[in-house]
Amino acid sequence: MEQNSQPKWESKVSTTLTHASADQIWPLFKDFFNLHKWFPALPTSYGIHGTNGEVGCIRYCSGFKLRSEDSVDSVSWATERLIASDPIDRTIVYEIVDSNAGLKSYVSKVKIVSGGDDDGQGRGCQIEWSFSVEPVEGWVLEDMVKIYENGLQGIAKKMEDAIRSTEQAGQGE
């Protein structure tokens, strides 16, 4: 009962990519079922309902490192529903439907913003990842924010590295 009287935790982390445009990064996030390709700490992610990238689809994710309700040593998992997708604004919003990681009333938004490196080629963008969740027993908000910061840095690096490799291969060796 006490948890419900506390305000929700809300935070946003962001990172800037200098070698990838918003148009290059957006399709990677819109590929909702395949987050594991880009998130180093997430070995498993796949669709369990609906069409990938369409509002209402649900993905299953497991293997991320959050304390679970079952046991400190068990694998964390969650099912997540895409509740909004805006290709003009380059934004997705999703919620956790079920989880063993203690995340209740969780909603997250990822937005890809043009800008960053102004090299005249439309390069550079920023990824913003925000979340709202009921306070998680045994955690402090700062710990959760740090996990998101580290996760986003890993995602951004993998995405940018993949785009660079594709461009280099396209230039002929």
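This is a predicted model: local features need pLDDT of at least 70, side-chain atom pairs count only at pLDDT 80 or more; totals for chains, interfaces and linings use all residues.

A: Residues are numbered from 1 along each chain as its sequence is written, and side-chain values use heavy atoms, with hydrogens and water left out.

The protein has 3 helices and 7 strands. Here helices (H or I, at least four residues) and strands (E, at least two) are DSSP runs, numbered from the N terminus. In sequence order the elements give the pattern α-β-α-β-β-β-β-β-β-α. Of the 173 residues in the protein, 42% are buried. Buried means under 20% relative accessible area, exposed means over 50%, and partly exposed lies in between, with a 1.4 Å probe and protein chains only. Contact means heavy atoms within 4.5 Å. Among contacts between residues at least 6 apart in sequence, 53% join residues at least 24 apart.

Helix 2 covers residues 22-30, and its buried residues are Ala22, Ile25, Trp26, Leu28 and Phe29. These residues lie on the same side of helix 2, because they cover an arc of only 165° around the axis. That arc is taken from the directions from the helix axis to the C-beta atoms. An α-helix has 3.6 residues a turn, so residues three or four places apart point the same way.

Leaving out residues up to four places away in sequence, Ile25 touches Leu17, Ala20, Ile112, Cys125, Ile127, Met159 and Ile163. Ile25 is also among the residues with the most contacts inside the largest nonpolar core, together with Tyr106, Ile112, Ile127 and Trp129. A nonpolar core is a set of buried Ala, Val, Leu, Ile, Met, Phe, Trp, Tyr and Cys residues joined through side-chain atoms within 4.5 Å. This core has 43 residues. Two or more of them come from each of strand 1, helix 2, strand 3 (58-64), strand 4, strand 5, strand 6, strand 7 and helix 3 (141-170). Helix 3 gives the most, with 8 residues. In soluble globular proteins, nonpolar side chains tend to be buried together.

Cys125, one of the contacts of Ile25, is buried at a relative accessible area of 0%. Cys61 is buried as well, at 2%. The structure holds 0 disulfides, a disulfide being a pair of cysteine sulfur atoms within 2.5 Å.

Helix 2 is also joined to a loop through charged side chains. Arg90 and Asp23 meet in a salt bridge with an N to O distance of 2.7 Å. A salt bridge is a side-chain nitrogen of Lys or Arg within 4 Å of a carboxyl oxygen of Asp or Glu. Asp23 belongs to helix 2 and Arg90 to the loop between strand 4 (76-86) and strand 5 (91-99), so the pair ties together parts that are 67 residues apart in sequence. Arg90 is buried, with a relative accessible area of 16%, whereas Asp23 is exposed at 55%. Beyond its neighbours within four places in sequence, Arg90 is in contact with Ala22, Asp23, Trp26, Val110, Lys111, Ile112 and Ser114. For Arg90 and Val110, the C-alpha atoms are 8.3 Å apart in space, although the two residues are 20 apart in sequence.

Lys111, another contact of Arg90, has a salt bridge of its own with Asp89, at 2.8 Å from N to O. Lys111 is in strand 6 (residues 107-114) and Asp89 in the loop between strand 4 and strand 5, 22 residues apart. Asp89 counts as partly exposed, at 31% relative accessibility.

The whole structure contains 8 salt bridges. One of them joins Glu128 and Lys12, whose closest N and O atoms are 3.8 Å apart. Glu128 lies in strand 7 (residues 125-133) and Lys12 in strand 1 (residues 9-17), 116 residues apart. Glu128 is buried at 17%, while Lys12 is exposed at 52%. Strand 1 and strand 7 pair in the antiparallel sense over 9 bridges, where pairing requires that DSSP find at least two bridges between the strands. Within this pairing, Ser130 of strand 7 is the bridge partner of Lys12. Lys12 stands on the uncovered face of strand 1 with Glu10, Ser14 and Thr16, while Trp9, Ser11, Val13, Thr15 and Leu17 form the covered face.
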